[in-house]
Amino acid sequence: MTIPYRPFATTLARRERVGASFVRLTLTGDLADVGTTLLDQRVKLVLGRPEALARVAVAGGDWYAAWLDLPEADRPALRTYTLSAARPDAGEVDLDIVAHGAPDPGSDPGSDPAADTGPGVRFALEAQPGTPVLLVAPDRTRAGHDAVGLAWRPGDARDLLLVADETALPAVANIARTLPPDARGRIVVEVPTAADARDLGAPEGVELTWCDRESGDSALDHLPFGAADAEASEGLLWQEGDGTGARYGWVAGEAGWVRRIRAGARAAGVPRGQLAFMGYWRRGVAEGA
């Protein structure tokens with residue numbers, strides 16, 4: 001069976017601040033075949049020493065097995081993201097990475113060390129242009145490239161609800177731009193500060209609500225069905241809707257926060273298949289793989 005994902009050898013081309021809490025990384029390389037589906041399609045960055053990255057890259061579709069075969073001390077870090085843009089003709093992709101308190105590009109990296117963050121944030125803040133990094137992403141010449149790694153599956157639904165924290169904002173921004181003109185509903189995004197708000201280009205019938213924690217606002221206060229207490233559990237929550245009804249909801253962010261939203265939806269009697277829930281990360285863990 002052909003695997004749609006494969007590693008692309010890239011280097012960091014540039015970085016820029018996007019809002020108060022994001023750093024946009026532009027990677028460049030032989031990306032003529034990189035997938036352009038975007039939406040909430042998952043990709044991975046493989047971060048480590050060039051020798052280890054080379055061993056993973058040559059494995060092609062078997063990249064994960066090659067990664068596992070490396071000695072633990074040499075094994076590169078894996079981090080999951082969503083592309084914000086893909087420009088195959090230019091050999092470039094963009095990723096927006098949450099990096100709270102990120103320094104402005106060009107400032108002294110030592111002025112804002114990322115010692116307490118994971119490898120993805122350290123790479124976003126500190127890596128120098130030209131640093132190699134593997135991007136594991138769909139190859140658009142392979143069957144299934146436009147469907148793999150997607151949780152956004154609204155079907156024919158036009159009554160939509162999207163709820164996200166900052167880690168899911170890149171996916172929400174991608175999705176909003178693709179919504180049909182007759183879509184209606186709400187997008188609720190919780191971000192660290194008001195300076196993270198931006199125009200998402202959603203259709204006129206879709207209401208956009210920004211909630212910034214700095215002001216004490218929470219997305220949990222803007223749900224059509226409310227939130228409810230939920231039992232904590234290990235690991236990340238992942239439950240995809242079936243997209244077969246006239247309504248469809250998509251919720252992504254911190255796992256405990258997502259669980260509370262799911263509990264509220266259940267208490268309100270929202271059919272399970274109408275909502276997708278994705279825990280992108282877990283509080284107390286620097287970054288999820």
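Seven bridges join strand β7 to strand β8 (residues 184–191), and the two run parallel. Strands, like helices, are DSSP runs numbered from the N terminus, with at least two residues (E) for a strand and at least four (H or I) for a helix; two strands pair if DSSP finds at least two bridges between them. The model is predicted, and local features need pLDDT of at least 70, side-chain atom pairs count only at pLDDT 80 or more, and totals for chains, interfaces and linings use all residues. Residues are numbered from 1 along each chain as its sequence is written, and side-chain values use heavy atoms, with hydrogens and water left out.

Buried denotes under 20% relative accessible area, exposed over 50%, and partly exposed in between, with a 1.4 Å probe and protein chains only.

Together, β7, α4 and β8 form a right-handed β-α-β unit. The crossover is called right-handed if, with the strands pointing away from the viewer, the path from the first strand over the helix to the second runs clockwise. Helix α4 (residues 169–178) also lies across β2 (22–29), β4 and β5, and runs at about 30° to β4. Such angles run from 0 to 180 degrees between N-to-C directions, the axes being lines fitted to C-alpha atoms, for helices over the stretch in contact.

**The barrel**

Six strands close into a barrel with antiparallel pairing, in the order β1-β2-β5-β4-β3-β6. From one strand to the next, the twist averages 45°. Helix α1 (residues 50–57) packs on the sheet, where it touches β1 (5–18), β3 (42–47) and β6 (132–138), and its direction makes about 25° with that of β6. A contact requires heavy atoms within 4.5 Å.

In α1, the residues Ala-52, Leu-53 and Val-56 are buried. They cover an arc of only 100° around the axis, which puts them on the same side of α1; the arc is that of the directions from the helix axis to the C-beta atoms. An α-helix has 3.6 residues a turn, so residues three or four places apart point the same way. The partners against which the buried residues of α1 pack are β1, β3, α2 (63–69) and β6.

| Residue | Bridge partner in β5 |
|---|---|
| Leu-25 | Leu-95 |
| Leu-83 | Leu-95 |
| Ala-85 | Asp-94 |

The hairpin of β4 and β5 has four residues between the strands, and Gly-91 takes a positive phi near 65° in it. Seven of the seven residues of β5 are buried, so this strand is largely enclosed by the rest of the structure. Both of its faces are covered: Glu-92, Asp-94, Asp-96 and Val-98 are buried on one side, and Val-93, Leu-95 and Ile-97 on the other.

**Two prolines in loops**

Pro-180 is placed in the loop between α4 and β8. Its relative accessibility is 22%, so Pro-180 counts as partly exposed. Not counting residues up to four places away in sequence, Pro-180 touches Arg-158 and Pro-203. Pro-180 and Pro-203 are 23 residues apart in sequence, with a C-alpha to C-alpha distance of 7.2 Å.

Pro-224 belongs to the loop between β9 (206–212) and β10 (238–239). With 58% relative accessibility, Pro-224 counts as exposed. Between Pro-224 and Ala-265 there are 8.9 Å in space, C-alpha to C-alpha, at 41 residues apart in sequence.

**The chain as a whole**

The chain contains five helices and 12 strands. Of its 289 residues, 49% are buried. Among contacts with a separation of 6 or more, 73% are accounted for by residues 24 or more positions apart. The chain exposes about 13,100 Å², of which carbon and sulfur atoms supply 49%; accessible areas come from the Shrake-Rupley method with a 1.4 Å probe, and for residues only the protein chains shown count as cover.
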